[in-house]
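Hi,

Here is the structure I promised to pass on.

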Amino acid sequence: MRDRPPRTPPGVAAVLAYDGLCTFEYGIAIELFDLERPELGVPWYDCRIVGIDGRVARGSGGVRVEADAGLGALAHARTIVVPGWRDRAERPPEVLLRALRRAVARGARVLTICSGAFVLGYAGLLDGRRCTTHWRYVAELKARFPGALVEEDVLYVDDGALITSAGSAAGMDACLHLVRRDFGARIANMVARRLVMPPHREGGQAQYVEAPVAARPARTLAPVLDWARARLHEPIGVEALAARAATSPRTFLRRFEAAVGTTPLAWLQRERIGRARELLEGTALPLARVAEQCGYASPETFRAAFRRLVGVPPAAYRARFARAA
């Protein structure tokens, strides 16, 4: 097995900066797209800080950000990142809205974090498109932009040219999702490890889980999840998971959904598909063997599940991301 030649560079990633900047969301974009990552062995994003209120932006916490480009840079950006907008009731400058419309029309991707989705709404880009924002602002987003197809209580929504995400940390999930789109699971997982965060969270997971602090912190689900991850090639049912957790199936289901935000079977499906992505990228195993190692009874079942969760057939995914010769 040999490595493929370096991938096509992902191009310019323009991160917007403005007075009243939400510095945490801005920092997420800088960490993901501006930080050099020579250990990955692939050409990384050419990050530009684009000022919309001049070359110096004043963010929360007394932070000052010096932009290295003006709005003209958006004409050359493949990716545009909009951190949380400073005031949801404030219509952004028309020059910015026009630039965003032109960028999307020529094929650029726009990723928003938290209230950044409101900027797309003011630009008229959310009409007829799926989107999301922080759970506190969902009702307002719907009211201001009734043509938008707002999805409640999800981490992020990928609608092709537009990727919108929920509050703050969900922006990291959305950015990693875009990295995964551009480079595949192996590179995205390497970036996640460097960030010390889970390698991938599906956009459909809940934004928040209302659960009290455990009275006995040692009794977590982590050992059960690790046990299941090591046995993805085997049939695993709720009964087996509950037995590992030393609880009844009913109690386990309740604990699992409260802690993870989804059902055990849905979680297992995502873990199996995540493992399949790694095998498709890093090995030359036939699809039947990939299906077998990921716990699917037949290649047909595997293909259907993969396409449903990833959006493309496994063969097409391998053709794009495989490293095997």
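A246 counts as exposed, with a relative accessibility of 66% (exposed means over 50% relative accessible area, buried under 20%, partly exposed in between, using a 1.4 Å probe and protein chains only). A246 lies in the loop between helix 8 (238–245) and helix 9 (helices are DSSP runs of H or I with at least four residues, strands are E runs of at least two, both numbered from the N terminus). Phi of A246 is positive, near 60°, and the residue is not a glycine. Most residues other than glycine have a negative phi.

Before I go on, this is a predicted model: local features need pLDDT of at least 70, side-chain atom pairs count only at pLDDT 80 or more, and totals for chains, interfaces and linings use all residues. Residues are numbered from 1 along each chain as its sequence is written, and side-chain values use heavy atoms, with hydrogens and water left out.

C114 is another non-glycine residue with a positive phi, about 55°. C114 sits in the loop between strand 6 (109–112) and helix 3.

Now the aromatics. Rings of Phe, Tyr and Trp (its six-membered ring) pair if their centres lie within 6.5 Å; planes under 30 degrees apart are stacked, over 60 edge-to-face, and the rest tilted. That rule gives twelve aromatic pairs. In one of them, F118 and F145, the ring centres are 6.1 Å apart and the planes stand at 65°, so the pair is edge-to-face. This pair links distant parts of the chain, 27 residues apart: F118 is in helix 3 (residues 117–122), and F145 is in the loop between helix 4 (138–144) and strand 8 (149–150). F118 is buried at 0% relative accessibility, and F145 is buried at 8%.

F256 and W267 also make an edge-to-face pair, because their planes are at 70°, with ring centres 6.1 Å apart. They too link distant parts of the chain, with F256 in helix 9 (residues 249–260) and W267 in helix 10 (residues 264–282), eleven residues apart. Both F256 and W267 are buried.

F33, W44, Y45 and F183 form one aromatic cluster. Elsewhere, the charged end of R88 sits over the ring of Y137, 3.9 Å from its centre (the test is NZ of Lys or CZ of Arg within 6 Å of the ring centre and within 35 degrees of the ring normal).

Helix 5 (residues 169–183) has 15 residues and reaches 21 Å from its first C-alpha to its last, close to the expected 21 Å (1.5 Å times one less than its number of residues). Of those 15 residues, 13 are buried, so to speak mostly covered. After helix 5 comes G184, with a positive phi near 95°.

As for the whole protein, there are 13 helices and ten strands. Its radius of gyration is 21 Å, close to the 20 Å from the globule rule for 325 residues, so the protein is as compact as a globular one of that length (the radius is taken over C-alpha atoms, and the rule is 2.2 Å times the number of residues to the power 0.38). The C-alpha atoms fill a box of roughly 60 × 50 × 35 Å along the principal axes, and 49% of the 325 residues count as buried.

Cheers
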